[in-house]
Amino acid sequence: MSSVEEFRAEIRAWLADHLVGEFAELRGRGGPGREHEAFEGRLAWERHMAAHGWTCVGWPVEHGGRGASLEEQIAFHEEYALADAPARVNHIGEQLLGPTLIAFGTEEQKKRFLPPIVAVEELWCQGYSEPDAGSDLANVRTRGALSPDGSQWVVDGQKIWTSLAHEAQWCFVVARTEPGSRRHAGLSYLLVPLDRPGVEVRPIVQLTGTSEFNEVFFDGARTDASHVVGEPGDGWRIAMATLGFERGVSTLGQQVGFRREWDALAELARKNGAIADPLIRDRLVRAWIDLEAMAASARRGVDPSVGKLHWAAWHRGLGELAMDVCGAASTVAAGEPYELDDWQLLFLFSRADTIYAGSDEIQKNIVAERVLGLPKEARV
């Protein structure tokens with residue numbers, strides 16, 4: 001048995017032994033559009049994982065991880081998804097900020113912030129998008145300035161679509177710290193606490209009736225001067241590196257979830273007779289073929305932006321197909337005041353798939369300019 005197979009067997013056995021008792025009820029809970037589900041229970045589960053050394057498996061051992069190889073990380077995420085284990089609450093800290101600090105942070109920052117991420121003692125959110133700087137991220141207007149004595153950064157501005165900010169204690173914020181600078185220049189990557197004066201978090205109610213996105217307002221919010229990652233003014237480079245980590249190996253477990261959704265939809269079509277419709281049958285087959293191609297591309301190491309374009313369109317299409325399989329019943333809520341079934345939830349929330357984590361338009365520009373080497377789009 002290879003080391004990867006041994007690793008896979010180890011995590012599979014651990015999940016089987018520990019997703020029991022109170023944790024058994026968490027199977028399948030959480031995830032995009034359902035982050036409100038059993039949050040405290042999922043937090044307890046993830047701290048249980050941390051106590052047994054199963055968080056941050058891809059991090060270097062010296063930073064609290066297991067030093068797992070790429071193949072072992074793939075095995076971990078696949079087995080976690082196959083076990084129908086609950087959605088992670090610490091994803092942003094573990095998969096985004098942690099690797100960023102390991103690559104660019106000072107030794108003091110690593111000692112201060114990495115251990116609480118490993119132990120799931122501090123949760124993080126991502127302060128990138130703004131009302132006028134979503135897809136056009138370089139247009140950020142949130143400002144950061146050093147206090148007169150130089151001991152703190154003072155942050156003023158607004159972020160939007162900030163996932164899980166209402167549960168997080170910290171936010172990594174892209175802010176303009178050089179007055180008069182434009183576009184990618186003059187930005188800094190600041191680590192800002194959310195539990196201090198000058199920070200207000202306002203949940204945004206979504207189509208699903210739930211709130212996992214937020215607006216975050218900074219009004220004289222303060223953080224230590226040492227809480228800038230990289231050099232002041234070098235924030236764009238750091239922020240882009242974080243986005244690269246966001247589209248990393250953790251998304252491979254997503255393929256397992258997609259397969260589970262397709263299987264359930266195909267079974268529903270057989271049960272309610274929708275499979276008799278040749279158009280429905282054809283769309284299900286096409287969705288299966290596309291899913292197989294997507295999984296093969298992910299294992300081949302396709303460019304992250306190409307992968308994002310593929311899975312976002314596929315998942316949104318599956319939500320639309322689900323509504324047609326369900327028929328007229330899909331237009332009626334299951335109960336008062338706004339109780340949605342799983343298929344309605346999939347349809348509504350998957351509308352966001354082609355927008356968040358980089359809209360389709362932005363991904364196409366990245367593929368054109370950075371992958372294919374085409375000329376950059378003319379800008380005014």
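A crossing of two helices is right-handed if the near helix is turned clockwise from the far one by less than a right angle. In this predicted model, the crossing of helices α1 and α3 is right-handed.

**Packing of α1 and α3**

- Helix α1 spans residues 3–18 and helix α3 spans residues 70–82; their axes come within 9 Å and cross at roughly 30°.
- Angles under 35 degrees count as roughly parallel, and α1 and α3 are therefore roughly parallel to each other.
- On the α1 side, the contact is made by S3, V4, F7, R8, I11, R12 and L15.
- On the α3 side, the contact is made by E71, E72, A75, F76, E78, E79 and Y80.
- By residue class, the contact of α1 with α3 comprises seven nonpolar, six charged and one polar.

**Aromatic pairs around F213**

- The whole structure contains 16 aromatic pairs.
- In the pair of W161 and F213, the ring centres are 6.2 Å apart and the planes stand at 80°, so the pair is edge-to-face.
- W161 sits in the loop between β3 (152–159) and β4 (170–176), whereas F213 belongs to strand β7 (residues 213–224).
- This pair links distant parts of the chain, with W161 and F213 52 residues apart.
- F213 also pairs with F349: the ring centres are 6.1 Å apart and the planes are at 20°, so this pair is stacked.
- F349 lies in helix α10 (residues 342–349) and F213 in strand β7, so the pair ties together parts that are 136 residues apart in sequence.
- Buried means under 20% relative accessible area; F213 is buried, at 12%, and F349 also counts as buried, at 9%.

**Aromatic cluster**

- One aromatic cluster is formed by F7, W14, F23, W45, W54, F76 and Y80.
- Among the cluster members, F7 of α1 and F76 and Y80 of α3 also take part in the contact between these two helices.

- V306 counts as partly exposed, with a relative accessibility of 31%.
- V306 and A328 are 22 residues apart along the chain, and their C-alpha atoms are separated by 35 Å.

Technical notes. Residues are numbered from 1 along each chain as its sequence is written. This is a predicted model: local features need pLDDT of at least 70, side-chain atom pairs count only at pLDDT 80 or more; totals for chains, interfaces and linings use all residues. Side-chain values use heavy atoms; hydrogens and water are left out. Axes are lines fitted to C-alpha atoms, for helices over the stretch in contact, and angles run from 0 to 180 degrees between N-to-C directions. Helices (H or I, at least four residues) and strands (E, at least two) are DSSP runs, numbered from the N terminus. Angles under 35 degrees count as roughly parallel, over 145 as roughly antiparallel, 65 to 115 as roughly perpendicular and the rest as oblique. Contact means heavy atoms within 4.5 Å. Ala, Val, Leu, Ile, Met, Phe, Trp, Tyr, Cys and Pro count as nonpolar, Asp, Glu, Lys and Arg as charged, and the others, Gly among them, as polar. Rings of Phe, Tyr and Trp (its six-membered ring) pair if their centres lie within 6.5 Å; planes under 30 degrees apart count as stacked, over 60 as edge-to-face and the rest as tilted. Buried means under 20% relative accessible area, exposed over 50%, partly exposed in between (1.4 Å probe, protein chains only).
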